[in-house]
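Trainee: Hi! Could you walk me through this one before I start working with it?
Mentor: Happy to, here it is.
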2 protein chains.
Amino acid sequence: MLKYKVIADDIRSKIQAGEYAAEALLPDQVALALHYEVSRMTVKKAIDILAMEGLVYRKRGMGTRVLKNALWNQNDSLALDYQGLTAQMKGTAITNDIIEFNIQFPDEALQNLLMIGANEAVYYVHRVRNVDGKPYVMEYTYFVASLVHDLTPAILEQSIYDYIKADIGLVIGGAYRKIHADVASDDDCQYLACEATTPVLEVEQVVYQKNGTPFEYSRSRNRFDTRSYTITDIIKD
Amino acid sequence: MLKYKVIADDIRSKIQAGEYAAEALLPDQVALALHYEVSRMTVKKAIDILAMEGLVYRKRGMGTRVLKNALWNQNDSLALDYQGLTAQMKGTAITNDIIEFNIQFPDEALQNLLMIGANEAVYYVHRVRNVDGKPYVMEYTYFVASLVHDLTPAILEQSIYDYIKADIGLVIGGAYRKIHADVASDDDCQYLACEATTPVLEVEQVVYQKNGTPFEYSRSRNRFDTRSYTITDIIKD
DNA sequence: GAGTGGTCTAGACCACCGG
DNA sequence: CGGTGGTCTAGACCACTCA
């Protein structure tokens with residue numbers, strides 16, 4: 001087990017347990033290095049992690065302080081999320097209408113986005129997801145077939161992400177997302193109960209495995225009044 | 001200047017210039033350390049930054065590769081950005097039309113967002129920012145007057161963020177942002193050359209100092225076809 | 001001035017990948 | 001096996017803050 005991770009986990013749990021109270025100073029890096037019997041660089045790396053998580057903030061000459069992070073973790077956040085809608089909206093009834101589902105070959109744009117060749121097949125899924133019976137989001141999704149294998153309509157009607165994570169065991173490493181507004185398309189009008197003049201929020205994303213291989217490209221469209229994305233960002237020094 | 005930052009900037013510019021092509025291997029860390037005449041740890045820290053920016057991807061035993069999509073977002077605004085439009089759009093002519101500017105007391109919602117009391121004054125700025133003479137974004141901004149002091153119309157016509165960072169010396173610690181689509185308002189129609197049916201992208205944000213104190217709340221509105229936001233998110237272990 | 005965190009070094013060992 | 005990146009060390013110097 002990595003030392004800096006062990007130390008970060010230990011300090012984090014002490015913060016959560018209240019052993020290091022909000023606004024309190026942590027022991028300095030030299031003391032922590034002695035305590036954990038590691039070098040100071042390793043302690044610093046552990047604290048870097050906590051700082052990136054927004055638990056702690058540091059200032060030269062002043063020490064390292066526990067942040068009252070009640071501010072930051074008001075979890076209505078969506079922008080950085082990999083649980084999928086099913087987990088996000090638990091407690092509500094989510095159903096999926098599959099409009100189209102097939103296997104095809106990617107055009108050039110998609111080849112670039114997913115870093116695949118022209119003859120590497122992709123699944124194409126067009127579905128509408130309903131929350132409590134009402135249309136909520138329309139998604140156009142492409143999965144690299146060799147990675148997300150054996151996709152079936154039965155899976156699509158439930159949670160794709162549960163299947164990807166639990167059954168395939170694929171580990172998500174990150175995502176690239178682009179958010180913009182758009183005018184309603186014909187599909188939007190038909191499936192999201194839009195007028196032609198209704199603004200739509202679209203999120204494009206490419207999702208990567210831990211090893212950097214992309215496995216999904218999707219566009220998700222919502223009516224302007226049903227969804228917003230939040231981002232909490234803490235600058236590292 | 002910090003060595004690892006200089007190196008990261010240098011490599012980034014070489015990627016953008018095509019000197020390191022997409023999918024190409026970077027020189028290994030030992031070679032880079034020799035070339036920049038620094039230790040390998042310092043090179044690694046520089047590459048850490050590029051990896052966090054999503055420009056580069058590494059694997060043990062395989063080297064460091066430039067990601068194919070490293071360049072696909074050059075024209076979008078980063079969702080995580082604090083340079084302000086003036087720095088973001090350098091090379092273009094930015095002018096600011098001030099529509100309204102005054103000092104006022106915050107309503108209850110604003111008191112909560114900025115964590116201030118009812119009798120702590122705020123500056124209110126309503127301005128339209130033009131890029132190359134054409135209206136680009138309309139902003140409604142509130143600054144905590146005790147933190148962003150001595151704001152004047154002359155400053156507003158240029159870059160507020162330059163003033164905040166260089167003159168006041170306020171250190172930005174992070175931001176909370178919400179992105180959503182909206183229908184055009186009367187102001188949008190008047191100042192952004194919108195029709196009543198034009199979709200608008202709005203970004204609300206609260207910007208915090210390093211010590212956690214909020215100093216700005218703003219809403220920025222763009223026509224749907226003039227701006228999009230991108231987020232690169234890499235999950236840490 | 002004493003103490004803090006930030007950077008940097010020169011070297012070491014390890015885990016992983018390819019041939 | 002050789003070469004890659006990941007981790008870790010022991011120590012050094014610097015920038016900053018506070019008394």
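Mentor: A word on classes first: Ala, Val, Leu, Ile, Met, Phe, Trp, Tyr, Cys and Pro count as nonpolar, Asp, Glu, Lys and Arg as charged, and the others, Gly among them, as polar. A residue is near a strand or molecule if one of its heavy atoms lies within 4 Å of it. This is a predicted model, where local features need pLDDT of at least 70 and side-chain atom pairs count only at pLDDT 80 or more, while totals for chains, interfaces and linings use all residues. Residues are numbered from 1 along each chain as its sequence is written, chains are lettered from A and ligands numbered from 1 in the order in which they are written, and side-chain values use heavy atoms, with hydrogens and water left out.

Trainee: Thanks! How many nonpolar, polar and charged residues does the surface near DNA strand D have?
Mentor: That surface has six nonpolar, seven polar and 10 charged residues.

Trainee: And which residues come nearest to DNA strand D?
Mentor: Of the 23 around it, they are A:Lys3, A:Tyr4, A:Ser39, A:Thr42 and B:Arg40. Sugar and phosphate make up 60% of the atoms of DNA strand D that come within 4 Å of the protein.

Trainee: How far is A:Thr42 from a phosphate oxygen of DNA strand D?
Mentor: A polar side-chain atom of A:Thr42 is 2.3 Å away from one. For A:Ser39, a polar backbone atom is 2.7 Å from a phosphate oxygen of DNA strand D.

Trainee: New topic: is B:Arg221 buried or exposed?
Mentor: Buried, because its relative accessibility is 3%. The cut-offs are under 20% relative accessible area for buried and over 50% for exposed, with partly exposed in between (1.4 Å probe, protein chains only).

Trainee: Where is B:Arg221 placed?
Mentor: In strand E9 of chain B, residues 214-223. Eight of the 10 residues of E9(B) are buried.

Trainee: What do the side chains of B:Arg221 and B:Glu202 share?
Mentor: A polar contact of 2.5 Å, and another of 3.1 Å joins the side chains of B:Arg221 and B:Asp182. A polar contact is a pair of N or O atoms within 3.5 Å; within protein, one must be able to donate a hydrogen and the other to accept it, and residues adjacent in sequence count only if both atoms are side-chain atoms.

Key. Helices (H or I, at least four residues) and strands (E, at least two) are DSSP runs, numbered from the N terminus.
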